[in-house]
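Visitor: Hi, I'm new to this one. Can you walk me through it?

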Amino acid sequence: MSDRVIVFDTTLRDGEQCPGASLTPQQKLEVALQLGRLNVDVIEAGFAIASPGDFEGIQLVARHVKRPIICSLARALPKDVEAARQALKKAKRPRIHTFVATSDVHMKYKLNKAEDEVIQLAVAAVKLARKYTDDVEFSPEDAARTRHDFLFKVLEQVIDAGARTVNIPDTVGYAIPVEFGETIRAIKNNVPNINKAVISVHCHNDFGLSSANSLAAVLNGARQVEVTINGIGERAGNASLEEVVMALKTRKDLFKVTTGVCTEEIYKTSRLVSKLTGFVVQKNKAIVGANAFAHESGIHQDGVLKYRRTYEIMHPKEVGFGESKLVLGKHSGRHAFMERMKALGFSLSPAQAEEAFERFKRLADQKKEVYDEDLMTVLEDQAAKAPDTYQLTYLHATSGTGVVPTATIRLTRGNQTLEGAASGDGPVDACYKAIDRLLGVRPKLVDYSIQSVTSGKDALGEVTVRVQGNGLVEHGRAAATDIIEASARAYLSAVNRLMLNGKKSPRKTATSQP
Ligand code: KIV
Ligand code: ZN
C-alpha cells in the first residue's frame, strides 16, 4: 500500500456550501492559487450544476491552476455529469466526482428509490463520467450510516464501472473513530476489486470528531482525505486540512505516511480563507488559531524557554506562523520592512510596497510595537480595496454618558464625495446609519464580531461583519487601532460588495440533492 496520502481540498465546494460563505468566481480563483502554493493534490472547485457562479468559478480555476487535479461535484445524473465536464474543459487534469445516497434513511425518505435503482444511477454516472476523463471519483453519500453489505456491493460495482477513487463520506458526522476505522478496514477486506481504487474519506464535524475519524481511516488504509481550510463546511464543518495534515506529519511515527502539503503555507491560506469568507478563526482553533502557539502560564513559558519541545509539539514555523512576535517599530526603515514582508511570504510590486510602507508607518505612529499579525492584517486590508468602491475618507464619532451618539462620515468613489451625519444607539450604530443614508441602502446587519489582532492596549482591532440585502449575504472585514473606524470600514466593505454583487448574476440555484 502506498504511504502517500492524497490531500483533496474541498474548501471551494463543501466549505463554500456553508451559509454565508459564498465566494465569487474571482475569489475562488484567489483561494485556488493559494491552494496550489500549499501544494494540495486535488482542488474540488465547486458543484458545476449548482449555479452559474459555481460553473464560472470551476472554469476559472480549471483555466488558471494547472498543477493540482481540478474536480467538480456532480449528482449521479447525466445533466450533472455533463455540466461538470463542460466546466472542467480547460483543466489539465480534470476529475469528476459523482455521488448518490446509499443509506436506508436517504434512499427511502430523500430519494424514494430502491437499492437496485440507486446502483443503476451510480454505475451509469460513473460510466458516463469515464467517457470524459479517466479520473472519476464516486461517493456513496451517508456511507457511515449505510448497511455494510450494501456499501460493499455499491463500491464493487462502481469500481467495475471505472471509478478510480471511492470516497466514504460521514455526511452527518455520526461516526466514532474506532468504528469508522473498522468500516474502512471492512471495505478493504470485503470489496473484491478494492485494489483498483483509492479509498478516500470525507468526514463532517457534528461531534467534533471529523479529524479524528479521518485519521482513524488513514490508520486503516484510506489514502485520500477530503478536508477544508479552517474546517469550514456544512453545519459544524468538515475535517480541517491543517489538523489532519499536521497530525500526519507530526505523528509520522504512528501513521507512517506522508503528504505533499507545503505546511509552511498553512497559516497564510487560513488567513486568506477567513478573510474572503468572513468566517473568523476562533482563537483556540488547533494549528491556526491566534493562541495555537501562545504560552500564557509561567510554568509553560519557563519550559518553552528552556527547551521548546517541553510544551510545543510542532514548531510554529512549520505552519508559517512567523516565529518572532515583535518585529518592527516606527523607527524601522523601508529595508527592514521589505525584508519582513518577504519573510512573511508577500511579494509586492513597487507601488504596492510603497503604499504598504506608508500604512505601516501610520500604524507604527499609533502603536509602539508592530507584530507580524498586524502587518498581515494591514496588507490584507490593502489588497481588499477594489476599484469602483466607496472608501471611507473621514470619520468623526462622538459618544459618552448622557450624550446622543453621532457620527459624521465622508465617503469617496473616484471624483464623487458624499458627506453626512446620523445618530444611533451607539457610535457604531451611528456610523452604520450614516453610511446607509449616504448610499441609500438599508441592509440588515446579521453578524458583527470584533477581536484584537495582537495583545496590548494599542492592539489592532479587527472587525468582521455580515450584512444581508437583496437576497445576498456579504461580509466585510477591516482592522484599525480605533475600533469605531474598523467597524465602519468593515461595514462599508460589506455594503460595497452587496452593491457590486447585487448587479451580477444570481448565486446558487440548484440543491445538492439528487
Ligand atoms: O458530505 C457529503 O456526503 C458530501 C458528498 C457529496 C461527498 O459532501
Ligand atoms: Zn460533505
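Guide: Here is a short tour of the metal site and the domains. This is a predicted model, where local features need pLDDT of at least 70, side-chain atom pairs count only at pLDDT 80 or more, and totals for chains, interfaces and linings use all residues. Residues are numbered from 1 along each chain as its sequence is written, chains are lettered from A and ligands numbered from 1 in the order written, and side-chain values use heavy atoms, without hydrogens and water.

Visitor: Which protein donors does the zinc ion (ligand 2) have?

Guide: They are D14 (OD), H202 (NE2) and H204 (NE2), 2.0 to 2.1 Å from the zinc ion. Donors here are N, O and S atoms within 2.8 Å of the metal (3.2 Å for Na, K and Ca); water is not among the atoms, so sites may look incomplete.

Visitor: Is H202 buried or exposed?

Guide: H202 is buried, at 5% relative accessibility. H204 is buried too, at 4%. Buried means under 20% relative accessible area, exposed over 50%, partly exposed in between (1.4 Å probe, protein chains only).

Visitor: New topic. What are the domains?

Guide: The domain assignment, which is automatic or from a database, gives domain 1 (6-277), domain 2 (293-322) and domain 3 (391-501).

Visitor: How far apart are the centres of domain 1 and domain 2?

Guide: 34 Å, taken over C-alpha atoms.

Visitor: Which side chains meet in a salt bridge?

Guide: E318 and K249 do, at 3.3 Å, N to O. The count between domain 1 and domain 2 is 1 salt bridge (a side-chain nitrogen of Lys or Arg within 4 Å of a carboxyl oxygen of Asp or Glu).
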